[in-house]
Amino acid sequence: MSQQNRAIAALQGAAALPTQFLTFMLGEEQFAVGILHIKEIIEYGSLATVPMMPDCVRGVINLRGAVVPVLDLSARFGRGVSAIGKRSCIVILEVGEEEGEHQQAKQVLGMLVDAVNAVVDINAADIEPAPSFGTRIRPDFIAGIGKVAGKFVILLDIEHVLASEEIAVLARDAAHA
């Protein structure tokens, strides 16, 4: 079973119960992340930049004494660095999970988005597999396409989008560039 099919099976595994997602904007496109990953949403504030990081690592913030890296989702998708606007905010997420012998520590990360919309319920029947072409982001970043009020929303596989191993490789490459 492909990674994408596993992600859709996990999304649809809730049977008839609606699944809740936080919807947000990047430019003119609407995306969503399952709320189980969301810890909080904070106003965009000053970030401490970290030298020699890739464009997608915007900096770090102090969140109640913890240093939290903030990723620019637009830059992570290869669309260029986000312009900060009145509605820009940082979505604080917890990613990683413990899976038997593959123990992986949970990590808290911030995700810079242009605007947060709402928490919506999307029934499993309203989630379709991601198309294999036609999207402007990597297919492995997409868990599926949800239908909300007659419009499509891209459901992100946030574990892939914020994969710390891949971002560490990007950081190493940026440091050697």
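L156 touches F24, F31, A32, V33, L73, F77, I137, F141, A143 and V161, leaving aside residues up to four places away in sequence. The model in which these contacts are found is a predicted one.

Next come the cysteines. The structure holds zero disulfides. C56 counts as buried because its relative accessibility is 4%, below the 20% limit. C89 is buried as well, with a relative accessible area of 8%.

The charged side chains are the remaining topic. Side chains of opposite charge can pair when their charged atoms come close. Across the whole structure, a search finds five salt bridges. One of them joins the side chains of E40 and R64, at 2.4 Å from N to O. This pair links distant parts of the chain, 24 residues apart: E40 is in strand β3 (residues 38–43), while R64 is in the loop between β4 (57–63) and β5 (66–72). R64 has a relative accessible area of 67% and is therefore exposed, the limit for that class being over 50%.

Another salt bridge is formed by E128 with K147, whose closest N and O atoms are 3.6 Å apart. E128 lies in strand β9 (residues 127–128) and K147 in strand β10, so the pair ties together parts that are 19 residues apart in sequence. How accessible is E128, and how accessible is K147? E128 counts as partly exposed, at 35% relative accessibility. K147 is also partly exposed, at 33%.

The side chains of D140 and R138 meet in a further salt bridge, at 2.8 Å from N to O. D140 has a relative accessibility of 29% and so counts as partly exposed. R138, at 34% relative accessibility, counts as partly exposed too.

Notes
Residues numbered from 1 in each chain as written. Predicted model: local features only at pLDDT ≥ 70, side-chain atom pairs only at ≥ 80, totals over all residues. Heavy atoms only, no water. Contact = heavy atoms within 4.5 Å. Disulfide = S-S within 2.5 Å. Buried < 20%, exposed > 50% of the residue type's maximum accessible area, 1.4 Å probe, protein only. Salt bridge = Lys/Arg side-chain N within 4 Å of Asp/Glu carboxyl O. Helix = DSSP H or I, 4+ residues; strand = E, 2+ residues; numbered from the N terminus.
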